[in-house]
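Q: I'm new to this one and want to go through its aromatic rings. Can you take me through them?

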Amino acid sequence: MAKHYAMVIQLKKCLGCQACTVACKFENKVPDGQYRTKSPAIGPSGTYPNVKVFFEKQACQMCQDAPCVKVCPTTASHYNKDGLVLIDSHKCVGCKYCMTACPYDARFINKNTGTADKCTFCYDTRLTKGEKPACVTTCVGGALLFGDANDPQSEVARYMATHRTEVRKAQFGTRPSVHYDYEGVK
Amino acid sequence: MQRRQFLKGALYGTGGTLVALSGLGAATAALNPRRAAAAAPVSRKTVYSSCEMCRNQCPIAVKVENGKVVKIDGNPNDSAFGGVICARGNSGPSLLYDPERIKKPMIRTGERGSGKFKEVSWDEAYTYIAQKLKAVQEQYGGEAVAQTSHIGPYDVFFQTIGKAIGSPNLFSHEATCPMARIIGLNTTFGTAAINADYANTKYLLVVGRNFFEGIHVAQTRAVAKALSQGTKMVVLDPRFSVLAAKGEWLPVKGATDLAFIMALANVLIDEKLYDEEFIKQYTVGFDKWAAQVQDKTPAWAAEETGISQDTIIRVARELAQAKPHSLIEYGWRTTFTADDFQLRRAIMIVNMMLGNFEVPGGYYQVKDAGTLKKVPAMAAYAKKLGPVKVPPFPKPKKGRIDGTGEKGTPRQLTPIADGAVGQITETILTGKPYPIKAWLVHRFNPVMSIGDTEKTLAAIKKLDLLVTCDVYMSDTAYNSDVVLPECTYLERTEQVFDMSGLTPKYVLRQQAVDPVYADTKPAWQIYKELGEKMGYGQYFPYKDIDDYVERQLAPTGISRKVFAEKGLWTPAGMKPFYVRSGDAKAPLTLLATKSKKIEIFSDAVQEATGAGVPVYVPYPQPGEGEFRLIEGKVAVHTNVGTHNVPVLHELMSENTLWINAQSAAKLGIKTGDTLIISAGKYEHKGTANVTEGIRPDTVFCYHGFGQISPQLTRAFGKGINDNKLIPDQLGSVGNSITSMTFVKVRKA
Amino acid sequence: MEQETAEELYLSFAGIFQRPRPDIARHLEELIDLWAQEISSSEKVFSELREFCRAFPAGEVRENALWKEYIPLFETGRVEAPPYASVYLDRDGLVLGCEAEEVRKFYLSLGYGLRSDQRELPDHLGVELEFLARLAGRGSWDAVGSFRKSHLRPFLRAILPKIRASERPVYSQAAELLASWQLGQC
């Protein structure tokens with residue numbers, strides 16, 4: 001059976017400590033001032049002393065129906081054999097169509113390469129060696145689960161079978177592979 | 001022609017940077033360098049080491065490619081880390097390869113604080129320091145030399161200089177951080193080596209600590225694990241921290257935490273919810289404590305703390321219900337008030353009322369080799385590190401400037417290894433009790449860490465010598481006479497660290513790469529070489545750090561190879577050891593107090609302060625139009641040490657002043673407004689962050705911003721330097737007081 | 001330009017842009033004479049240089065005057081113009097990036113290595129200029145051309161404007177002259 005890599009983010013466990021943000025920068029040599037993933041604070045909301053705040057990790061959602069792939073004029077943005085949305089930087093001409101199409105604002109033009117860039121789930125540097133993405137490995141709060149959603153025994157599959165998770169901006173019909181569990185934060 | 005000879009002589013001779021390699025040259029001249037680069041095989045290795053982006057020394061795995069650090073992970077061989085490391089730990093390469101690091105020893109050429117230096121050789125720097133120190137020693141005595149460091153493995157080398165000179169005035173930074181807790185533990189348990197088993201606790205009450213922004217990876221993970229298993233957490237904090245967001249937030253009135261704790265004790269006694277058996281068997285002085293809290297009712301505490309009576313009663317009952325697997329956190333930076341150590345004692349006393357000592361989910365004594373040796377069944381796991389013997393140091397001729405150790409005064413409780421670091425500037429300025437004329441500083445930044453920045457700068461101007469060793473041109477380095485460049489933790493090996501918890505654990509910091517800037521050196525080498533220059537070679541009897549490590553490991557039988565392969569050592573097969581987990585009546589033979597009991601009433605504290613059990617002292621509260629200024633940590637920075645690290649600076653370059661929405665509305669303040677924060681004597685500009693997440697009588701900023709060294713390009717002048725507003729005021733035991741500053745705020 | 005003059009000029013700038021040294025400081029007047037003979041520039045530049053020599057006579061006074069400018073300009077803290085090419089040519093602004101590795105390999109391919117007893121980073125401006133002096137001295141003009149095109153000139157285009165903008169005596173004039181020589185004529 002084909003693989004379907006997925007990530008589950010348990011928001012109540014995210015501390016907003018940005019360990020993932022920095023780990024990603026070094027793992028993927030992301031230039032100064034640019035990010036493939038960030039975890040901004042949402043809030044605080046409410047009125048003193050009943051206040052809430054949480055952090056929401058934001059990166060490429062690895063859509064199964066990805067608008068960026070559809071609009072790419074050079075097929076640089078594509079699905080690889082494991083169903084991940086990746087960018088072939090040799091084919092990318094930097095036209096930014098994908099950046100406009102992405103509902104999650106997950107892409108940017110890499111200052112060093114001049115081509116579109118985004119999260120790859122660390123496909124080349126870690127996944128293919130059997131390691132989890134750098135953000136998952138370094139997560140201090142233990143908020144990130146990662147694995148093959150098509151394998152019912154995997155941590156992500158078991159988690160999603162027993163918890164209510166959501167995808168961001170479901171109305172766009174992009175079918176993301178990144179799932180959010182908002183339990184305990186909203 | 002002459003010109004050419006001179007240039008060639010200068011640059012091709014001893015002064016050049018390049019050298020012709022024999023056997024190369026013409027033969028390879030045609031090689032395309034780009035192709036050569038592509039063809040060269042990539043050499044990869046992982047070096048296990050220990051982080052130093054903060055003080056906690058977390059075990060790390062450093063990935064090195066072609067001699068360059070490319071990525072840092074937590075050490076996967078340590079189950080407390082499992083490959084995890086925080087944002088600061090991840091950012092190590094950004095410090096390592098920062099062009100702004102100090103690269104050579106420097107001696108001041110302009111006025112002190114003018115920022116004018118020349119670079120010198122190490123030998124010139126050592127000679128200069130040695131001569132100046134000798135001059136001070138001859139004129140004023142060895143005691144006129146003070147030494148301060150943050151606290152760390154370098155101390156054994158750094159402080160050897162001061163000890164050899166005969167100075168008693170060696171200080172750590174602890175008085176500005178956890179010292180009140182250390183004293184609270186020392187006076188109650190006879191040792192400060194008491195840890196908490198957060199991962200297994202079922203109920204956690206946190207008083208003024210912020211596990212999720214002041215990150216200690218192992219402890220933060222343990223708390224996160226407990227929460228994910230359903231542990232309830234209650235957080236007492238005037239500010240809505242990230243930790244508070246993950247539990248029940250009780251916005252306590254500043255400096256009244258002790259009232260809350262005493263009321264908990266009151267309820268536990270009143271409702272007979274405490275562990276009487278435990279108290280009887282293991283403690284002394286409970287009756288005196290019971291008498292002290294008798295009138296500290298929840299109703300009274302509600303008035304004091306601003307937390308409702310019902311809540312206080314409920315928290316007490318919930319703690320009791322989960323006992324002994326419930327705990328009250330004893331705190332990290334314990335500098336709230338003048339008598340903070342009594343709050344820490346009170347917290348531990350209530351913990352003992354929950355009977356949570358030496359059981360899972362409670363407190364425990366650290367099981368290092370020395371402790372385990374006393375337990376026959378466990379002695380086989382105890383591999384005590386060898387001593388590295390040095391000859392006895394001369395006895396200082398005078399007592400310490402801060403009165404540490406003086407019997408019959410509160411300072412008898414102050415740990416001699418720490419002292420009251422805030423005393424130094426006062427003594428330099430007043431010459432009392434005797435002059436301090438030279439100050440050696442290692443990896444510490446008193447200008448930003450001892451209260452009252454301006455006072456510290458004024459004191460520096462009166463010195464004969466100020467030497468700072470650091471990796472950056474810190475605010476203190478900038479004002480120094482001599483600046484010594486230490487290499488970073490990724491470029492040096494250090495001695496074996498004892499990081500024991502429920503089992504023994506040794507960790508080794510191991511050099512991952514050659515120094516990026518060739519003339520930077522590790523602390524052990526700097527102070528050994530300086531010591532030798534000063535004629536103190538006998539106090540540095542080891543050849544180098546590898547020799548030192550060998551001497552440590554020799555009696556243990558542990559091979560150095562273990563550290564190369566795993567980065568750490570723990571005894572194989574040993575399970576976490578709690579003395580009372582199997583037998584609730586097991587004797588606590590490890591207790592280090594004289595009475596061999598847990599001292600709820602402490603004779604030492606009675607002798608020192610007249611309050612053998614904690615007594616409630618009401619502190620002033622902010623008046624009309626005033627706010628209590630509090631400060632804290634953020635997850636992406638460490639104290640005042642990382643604000644110039646490129647990646648971390650990028651993540652957070654500036655702090656703001658948190659102010660409650662209602663209070664701000666009264667003053668017409670909106671988020672983003674520029675404010676003047678006035679503490680009376682000094683004012684500071686800052687940007688407003690109007691929020692619902694803080695008490696109306698309190699303002700808050702993250703610490704360490706607004707640095708004043710112009711040579712910290714990125715961090716210079718960005719944000720609020722809270723340390724300018726907080727006075728250099730010392731508590732009874734010498735702790736700095738940082739939560740008793742009241743400020744007024746207005747729009748700029 | 002004859003071989004020996006090119007070698008001299010490279011050496012003179014290497015001497016200036018390495019850390020201040022007693023011998024270079026003592027012979028500063030001779031360097032200025034060399035530049036005045038070989039590089040056409042405004043009289044102002046030369047008069048400013050000579051003014052510095054008059055204000056700070058050869059010896060410790062002059063050395064300290066050079067240190068006063070050199071440290072904030074190149075060395076510690078403020079670092080108005082970090083002297084390492086990687087800081088400019090690799091976007092993350094750190095030392096020992098790809099550019100440093102490439103120039104190190106270029107040196108190696110021509111038979112040069114960095115002295116182990118005085119280990120400087122390979123892409124320090126002074127080291128690159130010293131390397132070119134050595135190539136010029138042995139008449140390896142192809143290599144000079146190739147190194148200038150791939151490494152020195154991109155570096156100079158980034159760093160020289162910063163040194164000039166600092167308006168620091170000696171260094172800003174030397175940068176002006178180096179720009180005229182290396183960037184102006186081609």
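Q: C:F13 and C:W35, buried or exposed?
A: Both C:F13 and C:W35 are buried, with buried meaning under 20% relative accessible area, exposed over 50% and partly exposed in between (1.4 Å probe, protein chains only). This is a predicted model, where local features need pLDDT of at least 70, side-chain atom pairs count only at pLDDT 80 or more, and totals for chains, interfaces and linings use all residues. Side-chain values use heavy atoms, without hydrogens and water.

Q: How many aromatic pairs over all chains?
A: The search of the whole structure gives 42. Rings of Phe, Tyr and Trp (its six-membered ring) pair if their centres lie within 6.5 Å; planes under 30 degrees apart count as stacked, over 60 as edge-to-face and the rest as tilted.

Q: Why is the pair of C:F13 and C:W35 stacked?
A: Their planes are at 10°, with the ring centres 5.0 Å apart, so the pair counts as stacked.

Q: Where are C:F13 and C:W35 in the chain?
A: C:F13 is in helix α1 (residues 3–17) of chain C and C:W35 in helix α3 (residues 28–38) of chain C, 22 residues apart. Helices (H or I, at least four residues) are DSSP runs, numbered from the N terminus.

Q: What about C:F13 and C:W181?
A: Those ring centres are 6.0 Å apart and the planes at 20°, so this pair is stacked. C:W181 is in helix α10 (residues 171–184) of chain C, so the pair ties together parts 168 residues apart in sequence.

Q: Changing topic, which rings does the charged end of B:R239 sit over?
A: One is the ring of B:W658, 4.8 Å from its centre. Another is the ring of B:F700, at 3.9 Å from its centre. A charge sits over a ring if NZ of Lys or CZ of Arg is within 6 Å of the ring centre and within 35 degrees of the ring normal.

Definitions and conventions
Residues numbered from 1 in each chain as written. Chains lettered and ligands numbered in written order. Helix = DSSP H or I, 4+ residues; strand = E, 2+ residues; numbered from the N terminus.
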